[in-house]
Amino acid sequence: MNVETFIQHALNSLTLGSLYALIAIGYTMVYGILRLINFAHSEIFMLGAYFVFWGFTVLHLPWPVAIAVSIVFTALLGIAVDRVAYKPLRDAPRISALISAIGVSFFLQNVTIVFFQAIPRAVYRPEWMESPILMGNVRVLPITLFVPVLSVLLMLGLLYIVYRTKTGLGMRAISKDIETSYLMGVPVNRVIAITFGIGSGLAAASGIMWALRYPQLQPIMGAIPGFKAFIAAVFGGIGSIQGAVVGGIVLGFVEIMTVAFFPDLAGYRDAFAFVILIVVLMYKPTGLFGERMEVKV
Amino acid sequence: MSKTTLLLFNVLALGVLGLFIWWAGGSLDGYKIQILNLIAVNIILALSLNLIYGFTGMFSLGHAGFMCIGAYVCSLLILTPDQKDTLFILGGAFDWVQNAQAPFLVAVVAGGLVAALFGLLVGIPLLRLGDDYLGIATLGFAEIVRILATNFTSITNGSLGLKGIPDHANLWWNFGWCVVTLYVIVRLLKSNTGSVLKAIRDDEYAAKAMGIDVFRYKLLSFTVGSFFAGIGGALLASLLTTIDPKMFLFTLTFNVLMIVVTGGLGSITGSVLAGIGITVLLEWLRVVENPIEFGGFEIAGIPGMRMVVFSLALIFVILFRREGLMGMREFSWSALAAKMGKSK
């Protein structure tokens, strides 16, 4: 394998990895605060992509507007899901909320099937996105370069919110101790709603870029990236934003590089992430950056 | 109520079930018989998941994986070598797959045993994990099984799946296995082991403090659960006569989970009732997806609507009736007799 091909693979890994990372952030933030695996998150990701192309092809919105509308809509949808399906279960055993999340995930997936049918749809890409950029002998699509750059910007914005704003302070407080946060006057429900909004917005951004990168839409497109992003979050230590990013990138590299170096194993690519997950959980149950969780007896 | 009376009642109930099957087999049409068959299989699956999740508190999402294993093992054993010759067009099967053959009963048991073996093997590393993590790891296991089934062409015929599986699974076999499952799981839960399992579910750490070897009991429950999941998968394969890896997506686990949660986590009676109710509902809801003729107009069927209604139902159950249909209550002859006595 020569240097050019390797760089090409590395760029692809980075792109895929940052897409995983953006989804993983949504999982990790919700889990950090509510200890809930938000199964519906992968459907939020899928809907983010659908909204954009619906806005573009049916409502004939210009690209930037369609993207903005999609992100806002998806963020609101995330908040609505929390409101309807998780908020009433805050005091219930955690398993109840988890089952509710599975229900919501299936609901969103099948509503999409009802409205848009199960057949995969081709995604229209603007012309300038179709022409590859040449860097020496490396040919890449513009989107391959865009994704990591945009992702970094989004993540910096997120880190600003979490570490420099009052809402971020609230998030960190709730993730430490939700009961005490109530007592200390943190507007818990509002902060949780904002968390869902931000996580869903990032998932939408990821979904849109995913659809531009792999130009096809289908109602189950969220399932596999969603699982992998969750694995990335667990790998990095669930609850930690930095961990989610590192986990996402690592997973992107593992996936692309295995297929690149061992083409025979390409059929098993989706299995690697799960194998990694099981191995990580066995040896480091709280992930790379995870805090050790004490069990209260 | 004395032991003899109870035995009498149980034998009587079995007799009634037998009469019903005999009557159904002779006078119902094929579609209704198919629904009855599915009911039996779904009850087996729900009971096995309820043992793992409802009675031992292990959140497992790997049921589709165990069913997949059971289904493939059983199908490969009951397909004749000639059939396999024509089936494996992708690359030919391994010799031992090609030549393996067994009668239906042996094939189903083998499906269950191999699934149980896998349950044991993945249980040893995974059952140390906490609830959510266990759920996601078992889900990962089920996905890996499915991916292996897609790629291991010399054993599974890849994504083409297996067709023309002999349809041995009639009402007698399915309900027979259903009764066996019911018997084994009820006996298990009524024994000392059952109390231990419930203690682990209610408070794992307290159970550990009492000197219970929590891990061993969890592993036992998980293995028995995977055995019956394998049996369910095996029966399903012979009932549907075609299987392919796509059948064993997470949706399958979701359906079983739905039955268990609706019936009541930790209620055998609940699983049986919900198994009947939900199987019938799922079939009945197919109406929504078929084109409906209405006064000369034809309303186009809406694909996907069935699962929309279904997932909404699951959300409603969990939001408004968290304990499900039966909660943790069970049906018993004595309670029935007491009630009858009062109403007189």
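## Exercises on a predicted two-chain model

Chain B and chain A together bury about 3,600 Å², and 81% of that area lies on carbon and sulfur atoms. The model is predicted.

**Exercise 1.** Find which residues of chain B lose the most area to chain A.

*Solution.* Start with the buried area, about 3,600 Å² between chain B and chain A. Now take the side of chain B. B:Asp132, B:Tyr133 and B:Ile136 lose the most. Together they make up 19% of what that side buries.

**Exercise 2.** Describe the contacts between chain B and chain A by number and kind.

*Solution.* Count residues: 39 of chain B are in contact with 44 of chain A. Next, look for salt bridges between the chains: the count is 0. Then look for polar contacts: 2 residue pairs turn up across the interface, both at pLDDT 80 or more.

**Exercise 3.** Work out which helices supply the side of chain B that touches chain A, and sort its residues by class.

*Solution.* Four elements of chain B each give at least two residues: H6 (104-126), H7 (131-151), H13 (250-263) and H16 (305-320). H7(B) has the largest share, with 13 residues. By class, this side holds 30 nonpolar, 5 polar and 4 charged residues.

**Exercise 4.** Locate a nonpolar patch on the surface of chain A.

*Solution.* List the members: A:Met1, A:Val3, A:Phe6, A:Ile7, A:Phe261, A:Phe262 and A:Leu265. Their accessible area together is about 670 Å². Now place them. Helix H1 (residues 3-34) of chain A gives the largest share, 3 residues. A:Phe6 sits in helix H1 of chain A.

Notes: Residues are numbered from 1 along each chain as its sequence is written. Chains are lettered from A and ligands numbered from 1 in the order in which they are written. This is a predicted model: local features need pLDDT of at least 70, side-chain atom pairs count only at pLDDT 80 or more; totals for chains, interfaces and linings use all residues. Side-chain values use heavy atoms; hydrogens and water are left out. Contact means heavy atoms within 4.5 Å. Buried area is the accessible area (1.4 Å probe) that two parts lose on being put together, summed over both. A salt bridge is a side-chain nitrogen of Lys or Arg within 4 Å of a carboxyl oxygen of Asp or Glu. A polar contact is a pair of N or O atoms within 3.5 Å; within protein, one must be able to donate a hydrogen and the other to accept it, and residues adjacent in sequence count only if both atoms are side-chain atoms. Ala, Val, Leu, Ile, Met, Phe, Trp, Tyr, Cys and Pro count as nonpolar, Asp, Glu, Lys and Arg as charged, and the others, Gly among them, as polar. Patches are made of residues with over 30% relative accessible area and no salt bridge: like charges are joined within 9 Å, nonpolar side chains (Val, Leu, Ile, Met, Phe, Trp, Tyr) within 5 Å. Accessible areas come from the Shrake-Rupley method with a 1.4 Å probe; for residues, only the protein chains shown count as cover.
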